[in-house]
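Please keep the sequence and the structure in view while reading.

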Amino acid sequence: MSVTRAIAEANTNIALVKYWGKRDKQLNLPAVGSLSLTLEGLSTRTEVRFDSTLAADALTLNGDTAMGEPLRRISKFLDLVRMRAALSARAQVVSANNFPTAAGLASSASAFAALALAATRAAGLELTGAELSVLARRGSGSAARSIFGGFVHLHRGVRDDGDDCYAEEVGGATEWGVRLVVGVTSEGQKETLSTDGMQHTAETSPYYAQWIATSEPDLAAARKAVAARDLEALGVVTERSCLTMHASAMAARPAVVYFLGATIDGYRAVQTMRKGGLPAWFTCDAGPHVKVLTDAEHAEEISQKLAAVPGVLRTRVCVPGKGARLVEEQS
Ligand code: DP6
């Protein structure tokens with residue numbers, strides 16, 4: 001009998017310049033590059049134990065045994081690691097988020113980043129950050145970014161095999177003191193998963209081509225803003241990338257609309273804050289929650305103002321976080 005195990009942790013991230021659409025579904029290659037901020041303390045901790053006596057992969061998710069689609073997705077991902085390590089043993093995966101799913105932040109990013117690190121180490125592999133990012137991307141596009149901390153650029157890449165589609169840290173987030181305020185607007189699960197929403201947008205939206213065309217210039221503008229530590233320039237591009245992405249989804253047939261009334265009210269509140277001189281820029285993902293980019297000095301005030309918007313259930317101030325890390329390993 002041979003058993004090898006590892007535990008890894010990864011934080012979630014929020015895209016400032018969004019990823020929406022794939023150029024290859026099989027390899028999960030994004031149609032556009034993206035730029036994100038990794039968030040501290042919103043993490044997934046995952047243990048992977050390869051055990052030659054197991055008959056099948058098994059998954060425990062937030063304390064419950066998971067079957068069906070979540071297990072199938074993890075198993076498919078583990079196959080990639082097994083193939084790379086020439087390993088046949090099945091695995092026991094135990095994974096938990098330290099934030100409730102209802103926190104309004106995606107968990108697939110931190111989940112597949114933590115799984116990529118834990119599974120490769122348990123399988124005896126030592127991958128570079130870029131290689132881990134390529135692997136994590138196969139689980140979820142946004143997970144490629146959670147391998148790294150702070151501001152992260154996920155390159156679109158041009159190769160058919162996707163090996164140039166990896167993320168890289170672009171630095172400066174911690175020293176700069178940027179913050180992200182999250183306003184939760186719903187307790188429910190999102191109606192359309194991002195994977196399905198982006199595919200449907202790509203297939204049916206007359207605005208999809210325009211969305212793709214605006215992405216590279218937005219990325220270049222965001223990279224420039226990060227390098228110059230220009231929060232206003234970064235905020236402007238953050239807001240327009242989000243609204244262009246959602247506009248392309250709303251124009252899909254039938255429409256994919258993630259906004260609730262409270263999302264729009266939150267957006268209006270952010271506009272009002274800005275008119276009042278506060279550095280605040282809106283963003284929103286494949287769900288109804290309001291996210292506001294700001295700085296350390298104004299985050300609390302913005303959080304309070306956002307919490308006062310009808311329909312905003314609670315708020316949280318997030319600080320930049322570190323990349324994925326190994327917690328423990330044993331062979
Ligand atoms: C709106 O990474 O969840 O949050 O690759 O299909 O798993 P898959 O999609 P996912 O999509 C994220 C979409 C987004 C924007 C972003 O994070 O860039």
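Accessible areas are computed by the Shrake-Rupley method with a 1.4 Å probe, and for residues only the protein chains shown count as cover. On this basis the protein exposes about 13,900 Å², of which carbon and sulfur atoms supply 51%. The model is predicted, so local features need pLDDT of at least 70 and side-chain atom pairs count only at pLDDT 80 or more, while totals for chains, interfaces and linings use all residues. Residues are numbered from 1 along each chain as its sequence is written, and side-chain values use heavy atoms, leaving out hydrogens and water.

**Overall form**

The table lists overall values for the protein.

| Property | Value |
|---|---|
| Span of the C-alpha trace along its principal axes | about 65 × 40 × 35 Å |
| Radius of gyration (over C-alpha atoms) | 19 Å |
| Distance between the centres of the positive and negative side chains | 2 Å |

Because a compact globule of 331 residues would have a radius of gyration near 20 Å, the value of 19 Å agrees with one; the globule rule is 2.2 Å times the number of residues to the power 0.38. The protein has 35 positive and 35 negative side chains, where Lys and Arg count as positive and Asp and Glu as negative, with His and the chain ends not counted. Each charge is placed at NZ of Lys, CZ of Arg, CG of Asp or CD of Glu.

There are 10 helices and 14 strands; these are DSSP runs (helices H or I, at least four residues; strands E, at least two), numbered from the N terminus. Of the contacts (heavy atoms within 4.5 Å) with a separation of 6 or more, 76% join residues 24 or more positions apart.

**The interior**

Of the 331 residues, 54% count as buried, meaning under 20% relative accessible area. A nonpolar core is a set of buried Ala, Val, Leu, Ile, Met, Phe, Trp, Tyr and Cys residues joined through side-chain atoms within 4.5 Å. The largest one has 41 residues, and Phe-77 is among those with the most contacts inside it. Helix α2 gives the most to this core, with 9 residues. Outside its sequence neighbourhood of four places, Phe-77 touches residues including Phe-112, Leu-115 and Leu-135. A second, separate core of 26 residues includes Leu-105 and Cys-318.

**Val-178**

Val-178 lies in strand β10 (residues 178-184). It counts as buried because its relative accessibility is 1%. Among the residues Val-178 touches, leaving aside those up to four places away in sequence, are Leu-37, Phe-151 and Pro-320. Ala-299 is 121 residues from Val-178 in sequence, but their C-alpha atoms are 8.9 Å apart in space.

Notes. Buried < 20%, exposed > 50% of the residue type's maximum accessible area, 1.4 Å probe, protein only.
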